[in-house]
Amino acid sequence: MGKTIAEKIFDAHKVDNPSGDIRVIQLDAVFCHEITTPIAINDLVKRGKDRVFDPDKIKVVIDHVSPAKDSKTAVQGKILREWARRHNIRDFFDIGRNGVCHALFPEKGFVRPGYTVIMGDSHTCTHGAFGAFAAGVGTTDLEVGILKGVCAFHYPKTMRIDIRGTLQQGVYAKDVILFVIGTIGVNGAAGRVVEFTGPTVKQMNMAARMTLCNMAIEAGGTSGICHPDETTVKYLWPFIKNTYADKASALASFQSLISDPDASYDQVVEIDVSDLTPRTTRGFKPDNVVAVEKMEGQAVDQVYIGSCTNGRIEDLRTAAAVLKGNTISEKVRAIVSPATPHIFQQALDEGLIKIFMDAGFCVTNPTCGACLGMSNGVLAEGEICAATTNRNFNGRMGKGGMIHLMSPATAAATAIAGHITNSSLFTN
Amino acid sequence: MYLGKDMKNFSGNVLFLDRDDINTDEIIPAKYLTENTKEALAPYLLEDMEMEEFDPAIDIAASQAIVTRSNFGCGSSREHAPWALEVNGINLVIAESFARIFRQNMYNCGMLAVEIDKATLDRLVTRFAGLGTTVETDFESSLFTFASGDIEEVVPFSISGYDRELIHAGGWVNYADSRY
């Protein structure tokens, strides 16, 4: 019997099998941010175990509320900063060099095919785009990860989602993943790894694959995962060129990881996206997905482009292409947050920031901020936001606010129109 | 290996939350994630959740257990969700199903998250919701006894040996520290 990519990764990292299908696995990377890590640090100190299993495998960023918005968030940053310093954690990213974790860490080359990664953040599943097992965990799992370099999971069952068909113009990975979640439901992948395969995924660049894997958690998935291929090697080459003789040998090494043809899947879902049109959400659940045209004309108060789902340079290019030569409606305010300083710099160099500003956008620094209603664009009661983020939960961006999730293209078009609309109206 | 000295209390008054997909943003909104102690979360548990006949100010203080529906704890990985329950004296959640991270966070904290089937849940909700109901948990025998006035129902439950060890150990840090 063959194995899935997730099973191969688990077998290569097995430390213990304490009971049943529970596997304790060795971790290749433990990622930390300032919201879920400080309580783990404080608990380790209290237990007299203020140690780290390997300072080079721990990557740390202040990203959720940056710059600090008040004394409490300043303290969270301080705890993380001092901890990183006293344990000689070299990869610590403070303001100025920080970015949204799931955009920053891939950009730094910290995730490789076959890796096991945890973070106290549910969107850690993003990193599965590189062919890694990457799971969001709570603070206690993070604490043990920091101390021991291990974490316990059920041996992975996998749901494979085969995606075929060429995306129409104006339709993006965000529309695909919204469609998938709308199809399988918020519980549809519960407790399973979501493996994205098929020709459409094969055609996608790493940014698009990250958008797919990012929202696996919105269907309850433990990790998203894609098969590493030439696209993965090309993205990672600057970080691995000293490890492999050439790209072909890197590819050969990575492809030994991909799922065997006779691997066993818990469920296989086939999706054809040839006729897919842009999607958005309504209500307070990410599986309440509808065609943008069904929501055409829905007025919005704010447009937000950014986040670990859609704050990458490809997303900014797409939005800017729609915005170029247009200005946003007087009825809306619009915010763009490039997800990392590198993306911000690229956007500056490519003239995208000027396009956003000429259109009337507020350009903020990289931070998670508004996506989870913590800073930089929180909604007032009764307000409606068109957002490229990942969750439309009640109160998520501010108590009493409503969020419609969508692609950067749809969000840009919505900013111009002042109401939800299809980007095809503004592009040729 | 463990004598259960760190085991939490799993018995008391029951709060019925008769809805699917209650997410961790509802259990504890993100704006409170700036707190650096578990205790500071206590006043905000389920603050934004809208449900008929639910008033967090009244219902939470009187409860030590929650009975709810499917996919409880979906969304964010924040362990602040079980902590907010814990600091309000609620260490037991019974549901048709849980989101993976929330369920693991509960056991990692030495708290009990137990799945029971929909038919049993339907019956419990029909028989007990809206009444003052208590649950008595016999952890070693895996039995819940629900009671209200003269009505009583015993519901057997099943958890894995591993989950049981985490409860006995008082959570994953104690367990992992003694083994790895």
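1. Strand β1 (residues 12-17) of chain B has 5 of its 6 residues buried, so it is largely enclosed by the rest of the structure. Here buried means under 20% relative accessible area, exposed over 50%, and partly exposed in between (1.4 Å probe, protein chains only). Strands (E, at least two residues) and helices (H or I, at least four) are DSSP runs, numbered from the N terminus.

2. This is a predicted model, in which local features need pLDDT of at least 70 and side-chain atom pairs count only at pLDDT 80 or more, while totals for chains, interfaces and linings use all residues. Residues are numbered from 1 along each chain as its sequence is written, chains are lettered from A and ligands numbered from 1 in the order in which they are written, and side-chain values use heavy atoms, with hydrogens and water left out.

3. Two strands are taken to pair if DSSP finds at least two bridges between them. β1(B) runs parallel to strand β2 (residues 65-68) of chain B, joined by 4 bridges, and Leu15(B) stands opposite Ile66(B) in β2(B). With strand β5 (residues 134-138) of chain B, β1(B) pairs in the antiparallel sense over 2 bridges; there Asn13(B) faces Thr134(B).

4. A salt bridge is a side-chain nitrogen of Lys or Arg within 4 Å of a carboxyl oxygen of Asp or Glu. By this rule there are 37 salt bridges over all chains. Asp177(B) and Lys49(A) form one, at 2.9 Å from N to O. This pair crosses between chains, from helix α7 (residues 172-179) of chain B to the loop between α2 (38-46) and β4 (58-61) of chain A.

5. Asp48(B) and Lys399(A) form another salt bridge, with their closest N and O atoms 3.1 Å apart. Asp48(B) lies in the loop between α1 (24-27) and α2 (56-59) of chain B and Lys399(A) in the loop between β18 (384-387) and β19 (402-405) of chain A, so the pair joins two chains. Asp48(B) is buried at 11% relative accessibility, whereas Lys399(A) is partly exposed at 42%.

6. Within chain B, Arg69(B) and Asp122(B) form a salt bridge of 2.6 Å, N to O. The pair links distant parts of the chain, 53 residues apart.

7. In chain A, Thr116(A) lies in strand β6 (residues 116-119) and is buried, with a relative accessible area of 0%.
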